[in-house]
Amino acid sequence: MKKWLLVDLHIHSTFSDGSVPAEEIVKIYGEAGFDAIDITDHHFDTQSPRSLEIHEEGKSVKNTETYFKKIDEITHWARETYDLLVIPGLEICNLLEDYHILGIDLKEAINPNQNAEGVIEEIHRQGGLAIASHPPLKLSYFLNGDNESIHRHPLHLWKRRERYADKIDAWEIANREDLFGDVGLERFPYIANSDFHKPHHMTSWKSMIYAEKEKEAIKKSIVEKKVALFFFNEVKEKRDLPQNGQPKDIPPKDIPIVQEDDMKVTAGAKILIVDDEKDLVEMLAYNLERKGHKTIKAYDGFEAWEKIESEMPDLLILDLMMPNLDGWELCRLVRRSQSKAMKEMGILMLTARAMPEDRVYGLEIGADDYLTKPFSLNELILRVEKLMEKRKTISQLAEKVESLHSSMETKESNLRRIAHDLKSPLISIGFSARRMLRKGQNEEASGALKTIYDSSLNLTRWIDETLFFHDLTQSKWQEQMKEVDVKSLVQQTIDLLKESASEKNTEIEFKASLPILKISCHESLMYRGLVNLLSNALKYTPKGGKVEVGVIAYFNKRGSGVLEISFKDNGIGICEEDLEKIFEPYYRGKNVSTEEGKGLGLSFVKQVADLHGGRILVQSEPNKGSRFSILLPVKGNFKAEETERAHEVI
Ligand code: ADP
């Protein structure tokens, strides 16, 4: 009587590389309610060093006679005990010829040292079925990055499948993992077996064959494609079935699963998986969800873009080669977006392309990480976890930076207020001291008053410089640019310091070659810069010296030119070694003795010149004097005389 028989026709025992003895196999399958099994231990060729090694390692049947005898013995016992039909067979393997062929229902050994056609003929001569053993490469090899298996996998039959189509009786399609492989699509007769080596291989795809429970009928039904596929998962179902009777945690297919303790869990991310390989998407989604992530799936670029916009995932797992919009384009779209969430989205690229320049390009256009197919599932999950951790840290850091920024702003504004409040009383202390000095005092009093005046001037200057430095970095200065008369600005500088000059008996001479010259500048910054240069000239020039202040402009014929404001003293001068360093903040030259200062004046002047698109120059000779000048770009129409001179200079 015909019925659907539960069958597994690819089983290895301890006769080759299986871990379970033949009797035990019968017990396992018999208790699991199977109708028919075929024990198909390896029988390897002896034509290559590796196959000889396999023989030595005991992974190939040593004595086929004993093997067949044993199977014959257990066949009777299996039938009686479990009503299980045991069929003798072999998996004939030849490494040189690169084939594995299952011989189902064999009476005796088959010579493996021949080509595939010879083996198939011998099988048929014995009345057996020739089944192509796991013909195409397994998806799991790629998913696990198992290059060794990819390399080892026999492909002779699959590569020439058209030639073998009418010789091979059935093609194995479900070698534990690859149910939806290429065999089914080729419309060849197929059969699902477990390629059993260990007890847990029971959980795998099996065949249901519509036939009477005897060898000839089963073989006939396979050839006639009266085969249905069945995922045998009884052990797992029993263990995992919860109270309400719904199985839980059963993979959608027999797909590779990441073990729980393989890695640390960073759960809770929303991950969009974009790939046109549906099986791969399913497999990734299943494993990521087991890790506590929420997954969204898309199978081409357009669909992915829609889902990115509507779902705003935390992470994209992105295949590069996709129909419509490819992974590169999608990555660029995401990174070019104005949305902060999109810009911060993690992107992990997957691709079959392994060229280093592709990786670099991917990272350049904004991917965070890159994995080449085939990749190991564990590695992918690990990278996803790492990426999510990185994203989390970055966003936490960004929040911290923001809060630090705002607390710094508060502190700065407090500091500015305090500094400003300090300045007013300091200035009035200084001016009061000067007023009293003018009234004429005895030597002791005027010495003290002078110290008060100088110190208040120094402190005010220091406060100004500190505040100005702050303004410079805040770039608020640009808003305050205006047209300023240079000559009058220089005059103000001289007026401020002429008192100090006269006290030192130092003459200040001012020469301006132009009657009126206006430049666009930040008036108070420029004023502070000029004050610094003039006060340095006075400070570093001994009593009775002379400081020449000059303003001169050089223009070309197009009317643009350079303005030079110079301060020339005949003071102590600067040694050559120091000339390059004196513009660095806090640097004070070797020439300094008792002169007060903080080494900030010149660096301030340099910044002012830079901000106005100008330069600061210095010429100096020890004990002879120094000449500092600020060069600033200017525009205007001036007399031919200056224009001529400018032409030479610029
Ligand atoms: P400070 O005068 O407070 O030391 P500056 O930045 O204004 O700081 O000047 C840096 C250094 O450059 C001074 O310490 C001094 O050695 C040197 N220097 C600046 N101007 C002159 C000058 N006119 N003559 C000689 N040395 C100068």
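Modeller: Two strands pair if DSSP finds at least two bridges between them. Keep in mind that this is a predicted model. Start with strand 4 (residues 99-104) and strand 5 (residues 129-132): 4 bridges join them, and the two run antiparallel. Within this pair, Gly103 stands opposite Ala130 of strand 5.

Now widen the view. The open sheet is formed by 9 strands, in the order 7-6-5-4-3-2-1-8-9. Its pairing is mixed. Strand 7 (190-191) and strand 9 (227-232) are the edge strands, each pairing on one side only.

Next comes helix 1, residues 22-31. Its buried residues are Ala22, Ile25, Val26, Ile28, Tyr29 and Gly30. After helix 1 comes Gly33, with a positive phi near 85 degrees.

Together with Ile101 and Leu157, Tyr29 has the most contacts inside the largest nonpolar core, which has 42 residues. Beyond its neighbours within four places in sequence, Tyr29 is in contact with Asp8, Ile11, Phe34, Ile37, Leu84, Ser194, Phe196, Met202 and Lys206. There is also a second, separate core of 41 residues, with Leu525, Phe555, Ile565 and Ala609 among them.

Terms used
Residues numbered from 1 in each chain as written. Predicted model: local features only at pLDDT ≥ 70, side-chain atom pairs only at ≥ 80, totals over all residues. Heavy atoms only, no water. Buried < 20%, exposed > 50% of the residue type's maximum accessible area, 1.4 Å probe, protein only. Core = buried A, V, L, I, M, F, W, Y, C linked by side-chain atoms within 4.5 Å. Contact = heavy atoms within 4.5 Å.
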